[in-house]
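Trainee: I'm new to this one. Could you walk me through it, one question at a time?

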Amino acid sequence: MTQPASPARPVTEKSPPADDHKSPWRSLVTRVDVRTLSLLGVLAALVVIGGVTEPDAFLDTDNLQLVLTQASVIGVVTVGMTFVIISGGIDLSVGAIVALASVWATTVATQEYGFAGILFTAVVVGLGCGLVNGLLIAYGRMVPFIATLAMLASGRGLALEITDGKTQMVTVDSVLKLGERDSYVLGIPPLVMVFAAVTVVGWLLLNRTTFGRRSVAVGGNAEAARLAGIDVRRQRLYLYLLSGLCCGIAAFLLIVLAGSGQNTNGNLYELDAIAAAIIGGTLLSGGRGTITGSVLGVLIFITIQNIFALNNLETAVQQIAKGAIIVAAVLVQRRTATT
């Protein structure tokens, strides 16, 4: 007579400790916090240096407002550049697009349509240039470096053709008033508020939307992103459209700030935007970056320029310092990537 089989004991797996699940997230949060805090520390140190070397001039309210206003123009460009670099691309044409949009929006024919005409033209020209870049890179399979370099040359040439080398003064009062102190809200210039709005939208787009996740995925591994169902070519097109849109907005801000449009506008903006993004922690190889870091990078760069200007340092020294900062930032990135 067979014995009844004893009931099998339930096999229970030991669930991993709660810390094992949280440790990757904790390490990620720690890295982000350390990076952001480091940038804030550098910015604070620069403020101290400016306050010590030129206390009356640097800490003056007008000068601080000027720093934020100057940061607004290049800052908007940097937001778009950050998305492009995160996706593994590059855009060398941002300065030329800003110049072209600014001169096209300040022609006599455009200014006849007033405030709306100038703003609309600047944005449309930026989007148009971004569309050309995106089509050449995404569907024409051109290397981003070559495609945007061609746009840089073409944009500068067309801007020179439109202006004939002359400065086009803005005659629309509603545009000029945005740059006057009477338009400040609680001491904050309107240009700074636009920059803040673009920053918030950019942060939400990168961190809270499918578009942002797809951008990071394309920059991390384009082939894996394609196999996961992402239309890589369309995503890249959208990213260069976004960069062009930011250039159009920046062109309008520059028109307000300078009260004119000229073919030399946006000179070396590509260098400043790329450098600010790199300083903020965006990898040139793609796949990683933050809007917050890029904005802090912009503020650091503009503050350095302001301190140099107040201390009457030559422009050549400023350019050498920019190059040294870029090299240092890349070396730090490579070191942290291997640890």
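**A first walk through the chain**

Mentor: Let's begin with the contacts, meaning heavy atoms within 4.5 Å. Among contacts in the protein chain between residues at least 6 apart in sequence, 78% join residues at least 24 apart. This is a predicted model, where local features need pLDDT of at least 70, side-chain atom pairs count only at pLDDT 80 or more, and totals for chains, interfaces and linings use all residues. Residues are numbered from 1 along each chain as its sequence is written, and side-chain values use heavy atoms, with hydrogens and water left out.

Trainee: How many helices and strands does the protein chain have?

Mentor: Here helices (H or I, at least four residues) and strands (E, at least two) are DSSP runs, numbered from the N terminus. Counted that way, the secondary structure of the protein chain is 15 helices and two strands.

Trainee: What share of the residues of the protein chain count as buried?

Mentor: Buried means under 20% relative accessible area, exposed over 50%, and partly exposed in between, with a 1.4 Å probe and protein chains only. The protein chain has 339 residues, and the buried share is 44%.

Trainee: Which residues have the most contacts inside the largest nonpolar core?

Mentor: A nonpolar core is a set of buried Ala, Val, Leu, Ile, Met, Phe, Trp, Tyr and Cys residues joined through side-chain atoms within 4.5 Å. Leaving aside neighbours within four places in sequence, Val-98 is in contact with residues including Val-77, Cys-247 and Tyr-269. The largest core has 70 residues, and those with the most contacts inside it are Val-77, Phe-83 and Val-98.

Trainee: Which residue forms a salt bridge with Arg-181?

Mentor: A salt bridge is a side-chain nitrogen of Lys or Arg within 4 Å of a carboxyl oxygen of Asp or Glu. The closest N and O atoms of this pair are 2.7 Å apart, and the partner of Arg-181 is Asp-62. The pair links distant parts of the chain, 119 residues apart: Arg-181 is in the loop between helix H8 (173-176) and H9, and the partner in helix H3 is Asp-62.

Trainee: Where do Arg-226 and Glu-223 lie?

Mentor: Arg-226 forms a salt bridge with Glu-223, with the closest N and O atoms 2.5 Å apart. The two are three residues apart, about one turn of the helix, and both lie in helix H11.

Trainee: How far apart are the end C-alpha atoms of H6?

Mentor: The expected span of a helix is 1.5 Å times one less than its number of residues. H6 has 26 residues, so H6 should span 38 Å. That agrees with its end C-alpha atoms, which are apart by 37 Å.

Trainee: Which helix gives the most to the nonpolar patch?

Mentor: Patches are made of residues with over 30% relative accessible area and no salt bridge, with like charges joined within 9 Å and nonpolar side chains (Val, Leu, Ile, Met, Phe, Trp, Tyr) within 5 Å. Helix H6 (114-139) and helix H7 (144-163) each supply at least two residues. Leu-149, one of the patch residues, is in helix H7. With three residues, the helix that gives the most is H7.

Note on methods:
Accessible areas come from the Shrake-Rupley method with a 1.4 Å probe; for residues, only the protein chains shown count as cover.
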